[in-house]
Amino acid sequence: MAGTLSAPVLSRRFVARVQRDQFERQQQVEERRWTREREVAELDRRRGCYISVNAAFRQYRTHLMNFLWLVHKDEVTPEAREVVEEARHVQHAAFAEAQMIASPAVLVELDGMMMALSESYRRTMCLEEGNPDQDGSFDDIRMDIRQPWRRWEGMRDVMRSDLGVGEPS
């Protein structure tokens, strides 16, 4: 008689436990899916940021080198100055975005590139204004602008590693 009376109670408890376990498994699956979607979105965001900052640095370096050649040939125009300034502003904006998104390892590389290009810009402008640094000749500055290019592979490798892409060069 006790078995007959307790069977419905035990059956409900068993069903409730099975439903609770099933619900917890569904919650775990949903949480893992949400986490994975968030990781993928973050990876896409970093990838887009790294592409933008890489392109902006390259473009700025190219325009700075072109401007240096114009300074050397004494052919600087307001338009040429505007082009290098626009590239510089684009680079600063991309760098600012990267400061909010990039990993610490990537930021170390970007900071080094930013400092090198900023110094080359400063020296180029001093040369253009007729007030060059002691080691601010055209050839010295040209070598300085080329120097960051050697760091590019390291910066790119750190970015690729941060994204989990490929083998280092």
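**Overview: the whole chain.** The chain exposes about 11200 Å², with carbon and sulfur atoms supplying 53% of that area (areas follow the Shrake-Rupley method with a 1.4 Å probe, and for residues only the protein chains shown count as cover). This is a predicted model, in which local features need pLDDT of at least 70 and side-chain atom pairs count only at pLDDT 80 or more, while totals for chains, interfaces and linings use all residues. Residues are numbered from 1 along each chain as its sequence is written, and side-chain values use heavy atoms, with hydrogens and water left out. You will find four helices and zero strands here, running α-α-α-α from the N terminus on (helices are DSSP runs of H or I with at least four residues, strands are E runs of at least two, and numbering starts at the N terminus).

**View 1: the outline of the chain.** The C-alpha trace spans about 110 × 30 × 20 Å along its principal axes. Its radius of gyration is 29 Å, whereas a compact globule of 169 residues would have one near 15 Å (the radius is taken over C-alpha atoms, and the globule rule is 2.2 Å times the number of residues to the power 0.38). Of the 169 residues, 29% count as buried (buried means under 20% relative accessible area, exposed over 50%, and partly exposed in between, with a 1.4 Å probe and protein chains only). Among contacts with a separation of 6 or more, 72% join residues 24 or more positions apart (a contact is heavy atoms within 4.5 Å).

**View 2: the largest nonpolar core.** This core holds 34 residues, and those with the most contacts inside it are Tyr50, Val53, Phe57, Tyr60, Leu110 and Met159 (a nonpolar core is a set of buried Ala, Val, Leu, Ile, Met, Phe, Trp, Tyr and Cys residues joined through side-chain atoms within 4.5 Å). Helix 1, helix 2 (78–101), helix 3 (104–128) and helix 4 (138–163) each supply at least two of its residues. Helix 1 gives the largest share, eleven residues. In soluble globular proteins, nonpolar side chains tend to be buried together.

**View 3: around Phe57.** Which residues does Phe57 contact, leaving aside its neighbours within four places in sequence? They are Gln91, Phe95, Leu110, Met113, Met114, Leu117 and Trp152.

**View 4: Tyr60 and Glu86.** Tyr60 is one of the core residues with the most contacts. Glu86 sits in helix 2 and is partly exposed, at 48% relative accessibility.

**View 5: Ser120, a buried serine.** Ser120 belongs to helix 3. It counts as buried because its relative accessibility is 1%. Not counting residues up to four places away in sequence, Ser120 touches Leu64, Ile141, Asp144 and Ile145.

**View 6: a network of salt bridges.** Glu119, Arg122, Arg123, Asp133, Asp135 and Asp144 are linked through salt bridges (a side-chain nitrogen of Lys or Arg within 4 Å of a carboxyl oxygen of Asp or Glu). One of these residues, Asp144, is also touched by Ser120. A search of the whole structure finds 15 salt bridges. Side chains of opposite charge can pair when their charged atoms come close.

View 7: Start with Asp139 and Arg142, whose closest N and O atoms are 3.3 Å apart. These two are three residues apart in helix 4, so about one helical turn separates them. Is Arg142 buried or exposed? At 18% relative accessibility, Arg142 counts as buried, while Asp139 is partly exposed at 43%. In helix 1, Glu39 and Arg36 also lie three residues apart, about one turn of the helix, and their side chains meet at 3.9 Å, N to O. Arg36 is exposed at 52%, and Glu39 is partly exposed at 44%. Glu75 pairs with Lys73, the closest N and O atoms being 3.8 Å apart; Glu75 is partly exposed at 41%, as is Lys73 at 47%.

**View 8: a nonpolar patch on the surface.** Phe14, Val15 and Val18 form this patch, with about 260 Å² of accessible area together (patches take residues with over 30% relative accessible area and no salt bridge, joining like charges within 9 Å and nonpolar side chains, namely Val, Leu, Ile, Met, Phe, Trp and Tyr, within 5 Å). Val18 lies in helix 1 (residues 2–72) and is partly exposed, with a relative accessible area of 38%.
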